[in-house]
Amino acid sequence: MSPQNFIVEAMRNLRLADGCKGSQVYAVSPGDKASETRMKVEQSKPLRASQTEHTATDGLFVAKLSEPPISPHLKLVDYVETLASIFGELERAPEEAKAGLYLEQCFVFRGLGETKLLRRSLRSARQHACRVHEKIVFSAWLRYEKREEDLDDMSLMTCNGRALECPKAALIDGYSPITVFDPCPCREPLDNREMASEECSTSSVTRDDVVFCIDEEEVFCNRENIAALSSPFHAMLFGSFTESQRTKIGFSHNGISVQGMRAVDEFSKTGCLEPFPPEVVLELLTFANKFCCEKMKSACDKCLAALVRNVNDAVIFIEYGLEENAELLVASCLQVFLRDIPRSLHHPQVASLLCKSEGRKRLAMIGHSSFALYSFLSQVAMEDDMKSDTAVQLLERLRECATSHRQKALVLHQLGCVMLERQQYREAQNWFEDAAEAGHVYSLAGVARAKFKRGHTHSAYLEANNLISRYKRAGWMYQERSLYCCGKEKMADLNSATELDPTLSYPYRFRAAVLMDENKIRPAIAEINRILGFKVSPDCLELRAWFCLALEDHDGALRDIRALLTLDPNFLMYSGRVPADQLLRLLSQYVEQWTKADCWMQLYDRWSCVDDIGSLAVVHQMLENDPGKGLLRFRQSLLLLRLNCPKAAMRSLRLARKHASHEHERLVYEGWILYDTGHREEALKKAEESIAIQRSFEAFFLKAYALADTSLDPASSANVIELLEDALKCPSDGLRKGQALNNLGSVYVDCGKLDLAADCYVSALNIRHTRAHQGLARVFYLKNDRKAAYEEMTKLIEKARNNASAYEKRSEYCERDMAKADLSMATQLDPLRTYPYRYRAAVLMDDHRENEAIAELSKAIAFKPDLQLLHLRAAFHESLGEMEAAIRDCRAALSVDPNHADTVELYNRVSCRK
């Protein structure tokens with residue numbers, strides 16, 4: 001029996017499709033080694049009862065498809081209305097209330113899956129924070145969200161050079177409108193800090209005229225200086241008390257040591273605590289509290305706060321801070337806990353303080369308990385372990401802090417999600433019902449799911465049905481109802497879900513599984529390809545790998561396994577029981593092994609046909625043979641960015657930096673990390689440093705790319721051209737040189753040098769850079785040759801595996817009917833592309849079909865918060881005299897980009913007209 005037939009037979013005999021559980025599917029294991037592996041897995045993990053439950057009508061794939069999870073985030077029926085409402089509140093809110101509103105905006109964007117926008121909202125919350133408590137929370141939260149993007153693994157209290165995330169800046173009270181790029185206070189010149197220290201240490205010579213006797217020792221002090229420490233001391237030394245007439249005062253029973261009293265005297269004269277050890281400063285803090293010495297207390301608070309460097313320090317000092325009501329010291333300790341998350345949540349003393357109700361009350365008494373704090377903590381706990389007691393406790397504390405209806409709805413919904421994961425379905429249903437009553441409609445899906453889990457399928461169906469009939473239709477509503485019905489009704493609901501929200505992956509997976517169970521393997525692959533064409537995820541790649549194995553396409557299966565391992569190196573297949581890389585090794589025995597030269601040829605082939613997933617798989621195979629190759633990791637990151645997988649791309653870029661073989665190469669990768677995180681000027685500096693060490697293609701390319709993105713004036717364009725020409729003179733492979741030629745052609749087009757641009761594009765095409773067809777088409781169009789432009793884009797469509805953008809671009813070079821057909825195809829291939837919706841809406845407006853035009857835009861806005869879509873719909877509403885709707889869309893658009901000039905102008909205009 002051939003290896004191919006053996007694999008198919010093994011798939012059938014072992015019923016490996018039973019592994020289609022939990023958003024993943026079983027893998028096939030070829031040969032005796034694979035069978036041994038499977039036997040070990042089966043012996044170590046017995047089957048659960050739920051793994052053997054099948055319906056009479058479901059096939060193996062359908063029966064074992066995982067249910068789509070209930071999202072633990074805000075999921076709004078009309079997110080536009082909520083964003084507009086928050087924006088309106090921000091306009092009216094006092095400065096001290098804005099941070100909380102930006103946090104609520106962040107929750108909306110998180111529910112929409114918009115990582116960049118939620119980070120921007122978090123930055124805005126930090127920018128507008130007034131209290132130290134808010135600053136430490138948002139600063140640590142930003143650090144957590146960006147934990148994979150820092151160039152170095154910094155210690156807890158190390159500053160990365162940016163004020164928004166600086167731990168020292170966070171401990172400065174009061175509103176300061178810092179920006180993302182402002183330097184930290186701790187980065188100020190050393191001379192300034194030395195001057196401040198000198199000012200602190202200077203003091204005039206004073207005569208000691210009073211003695212404090214402690215036990216048998218005397219401490220000489222200046223009466224006037226001691227009296228100036230507080231009102232009680234002033235009354236004692238200059239009031240009607242007997243001490244005012246004495247030069248010696250007994251002070252043995254006031255909780256201060258001789259060393260401590262000498263420190264009090266020193267502070268009364270200099271106002272400084274620098275010479276004293278921590279234990280003396282702690283004694284002074286207690287003394288200051290007892291005798292109401294506010295200036296001394298503040299100085300002790302600041303001094304002790306500066307001493308907190310790690311979790312162990314914080315655990316010790318926070319008890320003193322809470323006992324002595326030292327707000328800054330507690331803030332400093334809390335900041336260390338937050339910056340060490342999630343590890344600090346596993347420290348018993350930290351967990352006790354943060355998770356228990358008594359701990360929250362202690363923190364609240366000193367102003368360090370808030371909804372923002374427990375939102376951050378509960379998010380981390382749920383990401384760490386959704387089922388944990390820690391997650392439940394922190395959500396309970398969050399519920400105690402919730403005040404607004406949006407806050408209450410969120411925490412109640414999250415409690416429902418956690419209970420659902422813990423299989424406490426009755427409690428989950430109760431929390432979801434409370435969340436729905438608080439206004440979170442999506443929680444009704446949770447109610448239905450909890451009922452279903454409790455065995456009340458009909459009741460769950462009615463709940464989902466009522467949801468659809470009572471509220472504005474959304475894709476997730478039909479997806480939820482589909483779980484509780486079967487046959488044609490189920491399929492109709494899933495089709496409706498895809499029509500309303502094409503980004504939902506479950507409908508595609510279910511339809512593909514049905515086709516697979518009907519032995520329609522190629523249609524099953526075609527169905528899963530529909531979503532992989534615009535949204536790549538490990539679960540869909542695994543499903544397609546399984547389908548390829550059933551088709552005996554072992555190369556295709558290996559391609560998808562390699563791609564999913566690139567997205568998630570620790571991915572588990574076989575119902576979460578077998579590492580994907582183990583299956584990769586087993587299957588690799590039955591395919592032809594490629595040499596290094598073969599791999600490069602395959603990469604050229606896939607790159608030239610714009611097959612990004614295929615290219616990703618080839619790079620993964622090349623890295624198996626050369627894991628320390630930084631350049632390959634860099635190529636991997638570029639492909640992941642094209643596939644819209646920024647998190648995986650950043651991981652690859654960091655690995656490229658780690659494995660860089662030379663300093664100039666490392667600087668380039670650091671530059672790309674900075675560029676991708678929005679720090680373009682710093683990226684330019686890294687490129688220049690690299691060029692100073694060695695002139696290289698990648699350094700010149702990085703500098704040209706970053707410069708082109710920051711400025712478009714003629715001088716800068718000339719500089720970019722020179723940089724790209726320098727890059728092309730340096731050694732590199734055809735893949736990168738093709739990109740450089742393509743970019744150079746674009747700059748020439750912008751400068752009006754069309755013939756030079758055409759030469760660049762032709763040269764790029766000669767080395768198989770297929771995307772250059774698009775640039776050449778643009779040149780033809782600008783030369784008034786639309787036919788040639790159209791034909792050039794047709795060549796790209798014929799060559800490219802991923803060609804949605806090519807259809808979109810070709811629509812610009814043909815008549816209206818053909819353009820509409822191309823844009824319809826673009827939407828079918830990639831529904832996330834917004835230009836086709838805008839074009840169709842504009843055509844409808846030109847035909848005076850205003851309502852249809854608005855409906856066309858609303859169709860895309862429902863699942864994609866796009867600035868241009870919102871702006872255009874606002875303009876349409878204005879033209880119809882619907883000012884309220886126009887204002888709503890403007891506010892939502894400005895929530896996406898507050899600085900968009902056209903929307904700001906439109907908003908001001910419609911606001912005045914209203």
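Visitor: Among contacts in the chain between residues at least 6 apart in sequence, what percentage join residues at least 24 apart?

Guide: That comes to 59%. Keep in mind that this is a predicted model. The chain has 49 helices and five strands, and buried residues make up 55% of its 914 residues.

Visitor: Let's pick a helix. How do you know that the length of helix α35 agrees with what a helix should span?

Guide: Helix α35 covers residues 663-676, which is 14 residues. At 1.5 Å a residue these should span 20 Å, and the end C-alpha atoms are 20 Å apart, so the two agree. After the helix comes G678, with a positive phi near 90°.

Visitor: What makes α35 mostly covered?

Guide: Buried means under 20% relative accessible area, and 11 of the 14 residues in α35 are buried. Among them are H664, E665, L667, V668 and W672.

Visitor: Which helices do those buried residues pack against?

Guide: They pack against α33 (630-642), α34 (646-658), α36 (680-693) and α37 (697-710).

Visitor: On to rings. How many aromatic pairs does the structure hold?

Guide: There are 24 aromatic pairs.

Visitor: Why is the pair of F634 and W672 called tilted?

Guide: Two values settle that. The ring centres are 6.1 Å apart, and the cut-off for a pair is within 6.5 Å, so the rings count as a pair. Their planes are at 35°; under 30 degrees would be stacked and over 60 edge-to-face, so this one is tilted.

Visitor: What makes that pair a tie between parts of the chain?

Guide: F634 lies in helix α33 and W672 in helix α35, so the pair ties together parts that are 38 residues apart in sequence. Both F634 and W672 are buried. Ring pairs also link these two with Y669, Y675, F697, F701 and Y705 into a cluster.

Visitor: And why is the pair of Y835 and Y839 tilted?

Guide: The centres are 6.2 Å apart, with 45° between the planes. Y835 and Y839 both lie in helix α45 (residues 835-846), four residues apart, about one turn of the helix. An α-helix has 3.6 residues a turn, so residues three or four places apart point the same way.

Visitor: Why does Y835 count as partly exposed?

Guide: Its relative accessibility is 23%. Buried needs under 20% and exposed needs over 50%, so Y835 lands in between.

Visitor: How do you know that R147 lies over the face of Y144?

Guide: R147 is at 4.0 Å from the ring centre, and the distance cut-off is within 6 Å. R840 likewise lies over the face of Y837, at 5.1 Å from the ring centre.

Visitor: Now the strands. What makes β1 and β2 a pair?

Guide: Two strands need at least two bridges, and β1 (residues 210-214) and β2 (residues 217-221) have five, in the antiparallel sense. The strands form a hairpin with two residues between them, and D215 in the turn has a positive phi of about 55°.

Visitor: What makes β2 and β3 edge strands?

Guide: The open sheet has three strands in the order β2-β1-β3, with mixed pairing. β2 and β3 (248-250) each pair on one side only. The twist averages 30° from one strand to the next. Helix α11 (residues 258-270) packs on the sheet, touching β1 and β2, and its direction makes about 5° with that of β2.

Visitor: Which peptide bond is cis, and what is its omega?

Guide: The bond from I341 to P342 is cis, with omega near 5°. P342 is in the loop between α15 (327-339) and α16 (348-355).

Notes: Residues are numbered from 1 along each chain as its sequence is written. This is a predicted model: local features need pLDDT of at least 70, side-chain atom pairs count only at pLDDT 80 or more; totals for chains, interfaces and linings use all residues. Side-chain values use heavy atoms; hydrogens and water are left out. The expected span of a helix is 1.5 Å times one less than its number of residues. Buried means under 20% relative accessible area, exposed over 50%, partly exposed in between (1.4 Å probe, protein chains only). Contact means heavy atoms within 4.5 Å. Rings of Phe, Tyr and Trp (its six-membered ring) pair if their centres lie within 6.5 Å; planes under 30 degrees apart count as stacked, over 60 as edge-to-face and the rest as tilted. A charge sits over a ring if NZ of Lys or CZ of Arg is within 6 Å of the ring centre and within 35 degrees of the ring normal. Axes are lines fitted to C-alpha atoms, for helices over the stretch in contact, and angles run from 0 to 180 degrees between N-to-C directions.
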